[in-house]
Amino acid sequence: MPPLALCSSPACDFRIKLQDGKTGKSISTPHICPKCEAPMLSVCPECGFLLIDIPAEKHPRCPVCRFDIRETFARLVFGIHRPSPRFKGDPSPSES
Ligand SMILES: [Zn+2]
Ligand SMILES: [Zn+2]
């Protein structure tokens, strides 16, 4: 399977293979989606692994880290921190 680039918008299903099926030449990743102009993703925003064999669904997950690729990207873009699953509810040290 050649690596893929995926449109980062959940409302858009544009994806492109980054390798020419006939010549085997690699194709450079477009920076923005030609359909909706959202940024394109060619690696997992969480673990940086190439997007290979990503199912064509609205919220595809990285086969390596299992994170939702588009959701993770949106979180990075909007600067929202992922709630830690190991957060034990320690009181904030800045209580005064
Ligand atoms: Zn798009
Ligand atoms: Zn990943």
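This is a predicted model: local features need pLDDT of at least 70, side-chain atom pairs count only at pLDDT 80 or more; totals for chains, interfaces and linings use all residues.

Colleague: OK, the fold. How many helices and strands are there in the protein chain?

Modeller: One helix and three strands, and along the sequence they follow the pattern β-β-β-α. Helices (H or I, at least four residues) and strands (E, at least two) are DSSP runs, numbered from the N terminus.

Colleague: In what order do the strands sit in the sheet?

Modeller: The order is 2-1-3, in an open sheet with antiparallel pairing. Strand 2 and strand 3 are at the edges with a single partner strand each, so one side of each has no neighbour in the sheet. Two strands pair if DSSP finds at least two bridges between them.

Colleague: How many bridges join strand 1 to strand 2?

Modeller: Three, and those two strands run antiparallel. Strand 1 and strand 3 also pair in the antiparallel sense, over two bridges. Take Leu6: its bridge partner in strand 2 is Arg15, and its bridge partner in strand 3 is Leu41.

Colleague: Are the faces of strand 1 covered or open?

Modeller: Both faces are covered: Leu4 and Leu6 are buried on one side, Ala5 and Cys7 on the other. A residue is buried if 20 or more other C-beta atoms lie within 10 Å of its own, exposed if 12 or fewer, and partly exposed in between, with C-beta atoms placed from the backbone. In a regular strand the side chains alternate between the two faces of the sheet.

Colleague: How much of the protein chain counts as buried, then?

Modeller: 19% of its 96 residues.

Colleague: Which residues touch the most other members in the largest nonpolar core?

Modeller: Leu4, Ala5, Leu6, Met40, Leu41, Leu51 and Ile69, out of 13 residues in that core. Strand 1 (4-7), strand 3 (40-41) and helix 1 (69-78) each supply at least two residues of this core, and strand 1 gives the most, with four. A nonpolar core is a set of buried Ala, Val, Leu, Ile, Met, Phe, Trp, Tyr and Cys residues joined through C-beta atoms within 7 Å.

Colleague: Which residues of helix 1 are buried?

Modeller: Ile69, Arg70, Thr72 and Phe73. Down the axis of helix 1, its buried residues fall within an arc of 160 degrees, so they line one face of the helix. That arc is of the directions from the helix axis to the C-beta atoms. Strand 1 and strand 3 are among what covers these buried residues.

Colleague: What is Ile69 in contact with?

Modeller: Leaving aside its neighbours within four places in sequence, Ile69 is in contact with Leu6, Leu41, Cys44, Pro45, Pro60, Arg61 and Cys62. Two residues are in contact if their C-beta atoms, placed from the backbone, lie within 7 Å.

Colleague: And where is Cys62?

Modeller: In the loop between strand 3 and helix 1. Cys62 is buried because 21 other C-beta atoms lie within 10 Å. With neighbours within four places in sequence left aside, its contacts include Cys44, Cys47 and Phe67.

Colleague: New topic: which residue just after helix 1 has a positive phi?

Modeller: Gly79, with a phi of about 70 degrees. Arg66 also has a positive phi of about 70 degrees, although it is not a glycine. Arg66 lies in the loop between strand 3 and helix 1, and it counts as exposed, with 10 C-beta neighbours inside 10 Å.

Colleague: What about Glu37, is it buried or exposed?

Modeller: Glu37 is exposed, since 12 other C-beta atoms lie within 10 Å. Glu37 sits in the loop between strand 2 and strand 3, and its phi is near 65 degrees, a positive value in a residue other than glycine.

Note on methods
Residues are numbered from 1 along each chain as its sequence is written. Chains are lettered from A and ligands numbered from 1 in the order in which they are written.
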